[in-house]
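Have a look at the model first, then read on.

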Amino acid sequence: MRVVAPAAFGAIERDRADDPARPFADTACGRLAGSLDGAGLRALGMWAHHWCMRFYDDDTRVGRRLVREIAGRRGLGWTPDEVRWMLGESERAGPAARERLTLPLAAAGELPGAVDGRAADTEALDGGTVDGRAADGAVPDDGAADSGAGWRLAG
């Protein structure tokens, strides 16, 4: 993440001063994302996710767009540790950060055991919840939604 941080911050700053309706590929963030391999995109996604969770407000819309674009990419080779870290960032951000699960859940859907791009209750994701929602988006029926139980990534 440290390697991509300066370029990511610069791209976000340039895009914040630019036309928000510009197609993603024509933005500084889009050009940066297009120049990276899978490992670089994961690092960029993790950095942008961290930045957005730390400063989540209207001023992070460019970063949130970048996160959504990376979440839409498949085959980036996410690891359980990376997903676990992003889920922790999301949990600390709290429910005010509406898009806090966009990238972690997309990444979890790429882990072994995911079904149709969605995290499943498997070895990779052990029936965990975030704000009462299971990793696959369903509300668990074990009372966890009412207990305030957090997510848990197995492994």
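In what order do the elements of the protein chain run from the N terminus on? They go α-α-α-α-α-α-β-β-α, which comes to 7 helices and 2 strands. Helices (H or I, at least four residues) and strands (E, at least two) are DSSP runs, numbered from the N terminus.

This is a predicted model, so local features need pLDDT of at least 70 and side-chain atom pairs count only at pLDDT 80 or more, while totals for chains, interfaces and linings use all residues. Residues are numbered from 1 along each chain as its sequence is written, and side-chain values use heavy atoms, with hydrogens and water left out.

**The chain overall**

- Of the 155 residues in the protein chain, 46% are buried; buried means under 20% relative accessible area, exposed over 50%, and partly exposed in between (1.4 Å probe, protein chains only).
- The protein chain exposes about 8,100 Å², and carbon and sulfur atoms supply 50% of that. Accessible areas come from the Shrake-Rupley method with a 1.4 Å probe, and for residues only the protein chains shown count as cover.
- Take the contacts (heavy atoms within 4.5 Å) with a separation of 6 or more: residues 24 or more positions apart account for 59% of them.

**The nonpolar core**

- The largest nonpolar core has 37 residues, and Leu44, Trp47, Ile70 and Trp78 touch the most other members. Such a core is a set of buried Ala, Val, Leu, Ile, Met, Phe, Trp, Tyr and Cys residues joined through side-chain atoms within 4.5 Å.
- Two or more residues of this core come from each of α1 (5–16), α2 (28–34), α3, α4, α5 and α6.
- Helix α3 gives the most to this core, with 9 residues.
- Leaving aside residues up to four places away in sequence, Ile70 touches Leu41, Leu44, Gly45, Leu76, Trp78 and Leu103.

**Salt bridges**

- Side chains of opposite charge can pair when their charged atoms come close.
- There are 8 salt bridges in the structure, each being a side-chain nitrogen of Lys or Arg within 4 Å of a carboxyl oxygen of Asp or Glu.
- Arg42 pairs with Glu82, with the closest N and O atoms 3.1 Å apart. Arg42 is in helix α3 (residues 38–54) and Glu82 in helix α5 (residues 80–93), so this bridge ties together parts that are 40 residues apart in sequence. Arg42 is buried at 15% relative accessibility, and Glu82 is buried too, at 14%.
- Glu99 pairs with Arg68, and here the closest N and O atoms are 2.7 Å apart. Glu99 sits in the loop between α5 and α6 (102–108) and Arg68 in helix α4 (residues 61–71), so the pair links parts 31 residues apart in sequence. Glu99 is buried, at 19% relative accessible area, whereas Arg68 is partly exposed, at 41%.
- Arg64 joins in as well: Arg64, Arg68 and Glu99 form a network of salt bridges.
- Glu89 and Arg92 meet in a salt bridge at 2.9 Å, N to O. Both lie in helix α5, 3 residues apart, about one turn of the helix. Glu89 is buried with a relative accessible area of 11%, but Arg92 is exposed at 62%.

**The loop between α5 and α6**

- Leu101 lies in this loop and is buried, at 8% relative accessibility.
- Leu101 and Glu91 are 10 residues apart in sequence, and their C-alpha atoms are 8.9 Å apart in space.
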